[in-house]
Amino acid sequence: MAIEPIVQPYDKRDTILFALGLGYGSDPLNEGELPFVYEKHLRCVPAYANVLCHPGFWAQRPEFGIDWVKILHAEQNLVVHKPLPATGAIRGQYRVAGIEDKGEGRGALLHQEKDLYNDANGDHLATVRSTLFLRGNGGEGGFGDTMPPAEPVPDRAPDRVVEIPTLPRQALIYRLSGDWNPLHADPAIARKAGFEMPILHGLCSKGLANRAILSAYCDNEVARFKSMFVRFSKPVMPGETIRVEFFEEGNGNLRFRAVAVERDVVVLDRCSATVA
């Protein structure tokens, strides 16, 4: 399947809206987070790369035979080559890297890759690799490249913990930045997929972890953020508090997981990040 390159312009309104979808600005006196939601010295959250140049919900197209209602986001890896400009135009180039077939009735993993470039000067800004779990598929065969399995986080107490509350309407705000999957808005679709309510986007959960990393390890300086991998182990329900537990490995290497505090459930697992 070919996905044509996508050029997406964005302005200060878009950059700020994405940050608001991650809960930035919840404390109006937090001057460290102010540059993400105020145009005076505007900064772009690195996790915006995950949704920029989104190709649309192409898995709904009938010719692919994907049971799209049962799709879950399994993993996401982001490598930042240069910080995203606060405003500009980005070109996204896509490829489906591979399909990992688990067998009939067991689902399949779809791996896709996106490279982002500054459309004005051609700078390579970021590489994003996604894994989708096709719960309703399997048994159709596989091909291409897959990602190696992630290692468990260390079996010890975390070195640092950051808690971030979410809003009941968080998914409705976040989806305005480009991920329009109705699973995150429509209660009927959520029930059909086996959930009691619309769930938070996996990429919003990842964005919350990005926010925690920037705050705890980068002094909110986006140039210090280099990469981030997450595995989505359980969905987050809007309104829950997310506790991010960090394990420091030296030289800017971090391992982490995230827990939905109210249910004491790990929602992001086997995660890693690098910072300068």
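Predicted model: local features only at pLDDT ≥ 70, side-chain atom pairs only at ≥ 80, totals over all residues.

Biologist: Fine. How do the side chains of E240 and R263 meet?

Modeller: In a salt bridge, at 2.4 Å from N to O. E240 sits in the loop between strand 8 and strand 9, and R263 in the loop between strand 10 (253–260) and strand 11 (265–275), so the pair ties together parts that are 23 residues apart in sequence.

Biologist: Is E240 buried or exposed?

Modeller: E240 counts as buried because its relative accessibility is 7%. R263 is at 35%, so that one counts as partly exposed.

Biologist: How many salt bridges does a search of the whole structure find?

Modeller: The search gives 12 salt bridges. One of them joins R43 and E221, with the closest N and O atoms 3.5 Å apart. That pair links distant parts of the chain, 178 residues apart: R43 is in the loop between helix 1 (12–21) and strand 2 (71–80), while E221 is in the loop between helix 4 and strand 8 (225–232).

Biologist: And how accessible is E221?

Modeller: E221 has 38% relative accessibility, so it counts as partly exposed. R43 counts as partly exposed too, at 22%.

Biologist: What does E75 form a salt bridge with?

Modeller: With R231, where the closest N and O atoms are 3.0 Å apart. E75 belongs to strand 2 and R231 to strand 8, so parts 156 residues apart in sequence are tied together by this pair. E75 is at 9% relative accessibility and therefore counts as buried, whereas R231 is partly exposed with a relative accessible area of 24%.

Biologist: Switching topic. How many aromatic pairs are there?

Modeller: The count comes to 6 aromatic pairs. Y10 and Y48 make an edge-to-face one, at 5.5 Å centre to centre and 85 degrees between the planes. Y10 is in strand 1 (residues 6–10) and Y48 in the loop between helix 1 and strand 2, so the pair ties together parts 38 residues apart in sequence.

Biologist: Which aromatic cluster is Y10 in?

Modeller: Y10 forms one aromatic cluster with F18, Y48 and Y174.

Biologist: What about Y217 and F246, how are they arranged?

Modeller: They form an edge-to-face aromatic pair, with 5.1 Å between centres and 75 degrees between the planes. Y217 comes from helix 4 and F246 from strand 9, so the pair ties together parts 29 residues apart in sequence. Y217 is buried with a relative accessible area of 12%, and F246 counts as buried at 0% relative accessibility.

Biologist: On to the nonpolar side. Which residues have the most contacts inside the largest core?

Modeller: V45, I213, F246 and F256, in a core of 60 residues. The largest share of that core, 9 residues, comes from helix 4 (residues 202–217).

Biologist: What does I213 contact, leaving aside neighbours within four places in sequence?

Modeller: I213 is in contact with C218, F225, M228, F246, L254, F256, A273 and V275. There's also a second, separate core of 7 residues, with A190, A193, F195 and I199 among them.

Biologist: How many disulfides does a search of the whole structure find?

Modeller: The search finds 0 disulfides. As for individual cysteines, C44 counts as buried at 3% relative accessibility, and C271 counts as buried at 0%.

Biologist: Last one. Where does R243 lie?

Modeller: R243 is in strand 9 (residues 241–250). Its side chain has a polar contact of 2.9 Å with that of E245.

Biologist: And what does R243 touch, not counting residues up to four places away in sequence?

Modeller: R243 touches V161, V162, E163, R257, A258, V259, V261 and D264.

Definitions and conventions
Residues numbered from 1 in each chain as written. Heavy atoms only, no water. Disulfide = S-S within 2.5 Å. Buried < 20%, exposed > 50% of the residue type's maximum accessible area, 1.4 Å probe, protein only. Helix = DSSP H or I, 4+ residues; strand = E, 2+ residues; numbered from the N terminus. Polar contact = N/O pair within 3.5 Å; in protein donor to acceptor, adjacent residues only side chain to side chain. Contact = heavy atoms within 4.5 Å. Core = buried A, V, L, I, M, F, W, Y, C linked by side-chain atoms within 4.5 Å. Salt bridge = Lys/Arg side-chain N within 4 Å of Asp/Glu carboxyl O. Phe/Tyr/Trp six-rings, centres within 6.5 Å; stacked < 30°, edge-to-face > 60°.
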